[in-house]
Amino acid sequence: MPTAHNGPTEIWYEAFGDGPPLILVYGIGGNSRRWWSVFPRLLAERFRVITLDNRGTGRGAQPREPWTMADMVDDIRAVADAEGLDAFHLLGCSLGSLVARHFGATYPRRLASLSLLCPPNGIPATPEDMSLAILWDPEKPRIESERASWVVVHPAPFITAHEAELLADFAAAEAERTPARTFRFQLDAAAAAPSPDPGVNAAHWPILLLHGTADRLVPPENARSLHAALPRSGLRWIEGASHNFWQHEPEQAAGIVRDFLTRALEATP
């Protein structure tokens, strides 16, 4: 698979499908495999989908020193440059949506649209849910912490019906485990960065906000407050969906994103 370089840092990425380019940026601690297969495949029916492994995750570089939001933004730029893209559609989920907003503020002329899935905007989860979702108890088998996290990011009926799929996803993640320092570096970089909203508001490309109504990790009020801060954005909801809706509601999520991107293309002069 191809790689891009942001200075000495190697970024692994994959491109598939035909059509206008769409780069996907995953959230905290996750690499591109965490999109699972259905959501990106459905998008690739109309777009050339490019997924990347954020620095510190997956198959790319594993820096041991902290990095900044600017570094993560330029990792996306490096992938776009490696693919020869002058402009492209950009989609990020969770923490990846914040990186995508910063990219839009930093390189507004490189974007054709911006899609933000379950975007955080300063309204935290409960301490219990945050702990269940991203912290691991070193005194217990890791699978116990993994199971505890499912209830925060998936609806209960999905967990019951798809336990085998969730266990397979856990096994794959364990095979290329994200170092604990990556979570810390990503969170610290996000906290230290100024708001990207003034730069995003100064641009003119369309913006989609897509959120699950039952999200426990990034409560729905985040999407409402971000919609108010980005007045030209369109806000869509997936009823009953939790945080990782690209996994448990991939058809509905991909349909909403594809409709948005199609309208964005039709509006392009």
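The largest pocket of this predicted model has a volume of about 710 Å³. A pocket here is an open set of points on a 1 Å grid over the protein atoms alone, with protein on both sides within 12 Å along at least five of seven lines. Points are joined across faces, edges and corners, and a volume is the space filled by probe spheres set on them. Lining residues have an atom within 4 Å of a point. The largest pocket has 37 of them, with Ile 28, Gly 29, Arg 34, Trp 136 and Phe 183 nearest its centre. Elements giving two or more residues are α4 (127–134), α5 (142–153), α7 (163–175), α8 (180–192) and α11 (245–248). Helices are DSSP runs (H or I, at least four residues) numbered from the N terminus. The largest share, six residues, comes from α7.

The second largest pocket holds about 450 Å³ of space. Its lining comprises 24 residues; Leu 95, Leu 98, Pro 120, Gly 122 and Leu 187 lie nearest the centre. Helix α3 (95–106) gives the most, four residues.

One cavity of 30 Å³ or more was found in the whole structure. A cavity is a set of points where a 1.4 Å probe fits but cannot get out. The volume of the largest cavity is about 60 Å³. Helix α2 (residues 69–82) gives the most to its lining, with three residues.

Residues are numbered from 1 along each chain as its sequence is written. Local features need pLDDT of at least 70, side-chain atom pairs count only at pLDDT 80 or more, totals for chains, interfaces and linings use all residues, and side-chain values use heavy atoms, without hydrogens and water.
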